[in-house]
Amino acid sequence: MELRKDPITRSWVITGDDVAEPTVRPGPCPFCGDSAQLQVVATLPGLAGSSWSARAVVHPTPIYRIEGEPARRGDGLYDRMGSVGAHELLLENPRHDQHLWTASDGEVEQFLRLIAQRIQDLKRDSRFKYVSIFKNEGAGAGKECEHPASQLTATTFVPRRVLYELRAARDYYETKERCVFCDILAQEERQALRILEVRGDYAAFCPYAPRVPYETWILPRSHEASFERSGSSRVGVLTDLATLLRRTLKRIRSITESFHLVLHTSPNSRHQSETLGYWKTLDDDYHWHIEILPVIEARARSYTFKEVYYSPVTSETAVKRLREAKI
């Protein structure tokens with residue numbers, strides 16, 4: 001496997017031949033309990049008598065590997081480098097049937113705390129420019145693990161979507177000396193047209209220009225660029241976020257069982273780039289957030305991820321329906 005860069009879109013693509021597909025073997029779930037076959041990276045202590053509450057393990061078929069150097073090099077006008085990085089499964093619960101939307105708030109909070117710890121740990125590695133957290137739930141979203149789990153990848157580059165956000169946030173801050181995410185949330189709370197729910201210092205809302213029907217974001221109402229700083233602070237600070245995330249996912253699942261969930265946090269600013277300027281005002285202009293993109297199978301037109309998105313449901317209608325969901 002290697003990484004190749006598209007010189008037009010500036011996207012890095014991981015590619016390779018004869019990659020083994022993950023195989024599903026009959027028998028007990030390898031992620032339940034304490035299997036000796038797992039490469040455990042981190043574990044949080046259990047709740048209510050269980051041996052653990054949330055756990056990070058090396059992905060059984062990783063697309064990035066921790067060993068080596070990226071060795072970025074030119075290939076004519078192209079760029080390529082080795083697929084150095086980290087790829088982990090974040091087991092959300094020791095129980096096979098306990099999902100983020102059915103678990104207790106304490107269990108969800110433990111999982112969020114695990115995320116913060118893993119991001120902090122991997123950002124200590126100067127090779128890694130960004131740590132992505134994502135969850136593909138349901139057949140329509142490409143779910144690959146039956147045990148409740150999300151995924152983590154640490155990469156030697158910043159994903160293009162995050163670069164777009166960094167540039168837009170920096171440009172907005174240079175003009176107005178304010179965080180664009182803070183201004184968006186302030187207007188959403190003031191208008192109260194697209195706010196789904198507020199819990200303590202966290203708010204869920206449907207964005208003004210959704211890429212997919214029922215797209216929902218969760219943001220902290222107080223400015224913070226890095227999720228890991230919020231997640232690693234005193235115990236209890238993530239309780240409201242855990243509750244809001246659980247309730248929001250229950251609302252989403254009243255519409256569809258399939259969705260993509262992505263956590264956007266700040267890039268690795270411990271090892272700053274000499275050529276990119278995104279880190280100069282990073283703590284002031286960026287704002288971590290969670291994006292949830294439902295997958296609606298029955299649709300008249302495609303709304304797949306392309307340059308112009310199509311959503312047959314406005315955010316205002318989506319919020320009304322999600323608020324009315326019986327959760």
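How many Å² does the accessible surface of the protein chain come to, and what share of it belongs to carbon and sulfur atoms? The accessible surface comes to about 16200 Å², and 49% of it belongs to carbon and sulfur atoms; such areas are calculated by the Shrake-Rupley method with a 1.4 Å probe, and for residues only the protein chains shown count as cover. The structure is a predicted model, in which local features need pLDDT of at least 70 and side-chain atom pairs count only at pLDDT 80 or more, while totals for chains, interfaces and linings use all residues. Residues are numbered from 1 along each chain as its sequence is written, and side-chain values use heavy atoms, with hydrogens and water left out.

The protein chain has 7 helices and 14 strands, where helices (H or I, at least four residues) and strands (E, at least two) are DSSP runs numbered from the N terminus. Of its 327 residues, 48% are buried, a word that stands for under 20% relative accessible area, with exposed meaning over 50% and partly exposed in between (1.4 Å probe, protein chains only).

Strands of a sheet pair through backbone hydrogen bonds, either parallel or antiparallel, and here two strands are said to pair if DSSP finds at least two bridges between them.

An open sheet is formed by 10 strands in the order β3-β4-β7-β9-β8-β13-β14-β12-β11-β10, with antiparallel pairing. Its edge strands are β3 (40-45) and β10 (195-199), each of which pairs on one side only. Within this sheet, strand β11 (residues 202-205) and strand β12 (residues 216-220) pair over 4 bridges, and F205 has W217 as its bridge partner in β12.

Turning to the helices, the axes of α1 and helix α5 (residues 239-253) come within 8 Å and cross at roughly 110°, the axes being lines fitted to C-alpha atoms, for helices over the stretch in contact, with angles from 0 to 180 degrees between N-to-C directions. α1 and α5 are therefore roughly perpendicular to each other, as angles of 65 to 115 degrees are classed, whereas under 35 counts as roughly parallel, over 145 as roughly antiparallel and the rest as oblique. The contact (heavy atoms within 4.5 Å) involves residues including D105 and L112 of α1 and L241 and R246 of α5.

Finally, the whole structure holds 6 aromatic pairs, counted when ring centres of Phe, Tyr and Trp (its six-membered ring) lie within 6.5 Å, with planes under 30 degrees apart called stacked, over 60 edge-to-face and the rest tilted. One of them is the edge-to-face pair of W101 and F259, at 6.1 Å centre to centre and 75° between the planes. Because W101 lies in the loop between β7 (85-91) and α1 (105-122) and F259 in strand β13 (residues 259-264), the pair ties together parts that are 158 residues apart in sequence. W101 and F259 are both buried.
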